[in-house]
Amino acid sequence: MERGLLWLPLLALFIGLAWAGWNEYQKLEAYKVWAEAFDHAKYDIYAVLGVKEQHLTWGVPTRKGPIDLHSIALRDVQQIGVMMGEASIDLNDPPSEDKKATLSLGLQNDAICNIPFTQLDLAVQWAQFLIRECPWVNS
């Protein structure tokens, strides 16, 4: 009986890991359906992002599809940057460390949209892509 009690935490851990994997798989499948409507799309644990023609849409991934969706016209974007914590990153020479980052978009109405990324290099790649799509932007 004592040995059975020792294995119980491992069984609980295995069940928890299996549920977390299933949950993430369901989010990914819902994202795939959502992303079909976009020219370029990105899935991240923190956010989903899609570009269709001149519109950028992002939201929070869930098992039933993205929620809390926001959409802006790329023509309204005036500034594009990447932040790591409170520090702004040079897009031409990003640091080699791969930490959580935020894609920051400054709009014409002085609003700022922040889109979270788990990896700095992905945020930099998206910023560079958006700069190519919006040549009028001040990075």
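Figure 1. The model is a predicted one, in which local features need pLDDT of at least 70 and side-chain atom pairs count only at pLDDT 80 or more, while totals for chains, interfaces and linings use all residues. Residues are numbered from 1 along each chain as its sequence is written, and side-chain values use heavy atoms, with hydrogens and water left out. The radius of gyration of the chain is 19 Å, whereas a compact globule of 139 residues would have one near 14 Å; the radius is taken over C-alpha atoms, and the globule rule is 2.2 Å times the number of residues to the power 0.38. Taken along the principal axes, the box filled by the C-alpha atoms is roughly 70 × 35 × 20 Å. The chain carries 11 positive and 17 negative charges, whose mean positions are 8 Å apart; Lys and Arg count as positive and Asp and Glu as negative, His and the chain ends are not counted, and each charge is placed at NZ of Lys, CZ of Arg, CG of Asp or CD of Glu.

**Figure 2. Order of the helices and strands.** The chain holds 2 helices and 8 strands, where helices (H or I, at least four residues) and strands (E, at least two) are DSSP runs numbered from the N terminus. Read from the N terminus on, the order of the elements is α-β-β-β-β-β-β-β-β-α. Of the 139 residues, 35% count as buried, which means under 20% relative accessible area, with exposed standing for over 50% and partly exposed for the range in between (1.4 Å probe, protein chains only). Among contacts in the chain with a separation of 6 or more, 43% are accounted for by residues 24 or more positions apart, a contact being heavy atoms within 4.5 Å.

Figure 3. Rings of Phe, Tyr and Trp (its six-membered ring) pair if their centres lie within 6.5 Å, and planes under 30 degrees apart count as stacked, over 60 as edge-to-face and the rest as tilted. By this rule the count comes to 4 aromatic pairs. One of them joins tyrosine 31 and tyrosine 43 in a tilted arrangement, 5.3 Å centre to centre with 50° between the planes. Tyrosine 31 lies in helix H1 (residues 2-35) and tyrosine 43 in strand E1 (residues 40-43), so this pair ties together parts that are 12 residues apart in sequence. Tyrosine 31 counts as buried because its relative accessibility is 11%. The ring centres of tryptophan 34 and phenylalanine 38 are 4.5 Å apart and their planes are at 45°, so this pair is tilted. Both tryptophan 34 and phenylalanine 38 are buried, and ring pairs link Tyr31, Trp34, Phe38 and Tyr43 into a cluster.

Figure 4. Alanine 30, which is found in helix H1, counts as buried at 14% relative accessibility. Leaving aside its neighbours within four places in sequence, alanine 30 is in contact with Thr62, Arg63, Lys64 and Gly65. Its C-alpha atom is separated by 11 Å from that of valine 60, 30 residues apart along the chain.

Figure 5. Cysteine 113 lies in strand E8 and is buried, with a relative accessible area of 12%. Not counting residues up to four places away in sequence, cysteine 113 touches Trp58, Ile72, Leu103, Ser104, Leu105 and Leu107. Aspartate 110 is found in the loop between strand E7 (101-107) and strand E8 (112-117), counts as exposed at 71% relative accessibility, and has a positive phi near 65° although it is not a glycine.

**Figure 6. Glutamine 54 in the loop between strands E2 and E3.** Glutamine 54 is placed in the loop between strand E2 (48-52) and strand E3 (55-60) and counts as partly exposed at 34% relative accessibility. Apart from residues up to four places away in sequence, glutamine 54 touches Ile72, Ala73, Leu74, Glu133 and Trp136.
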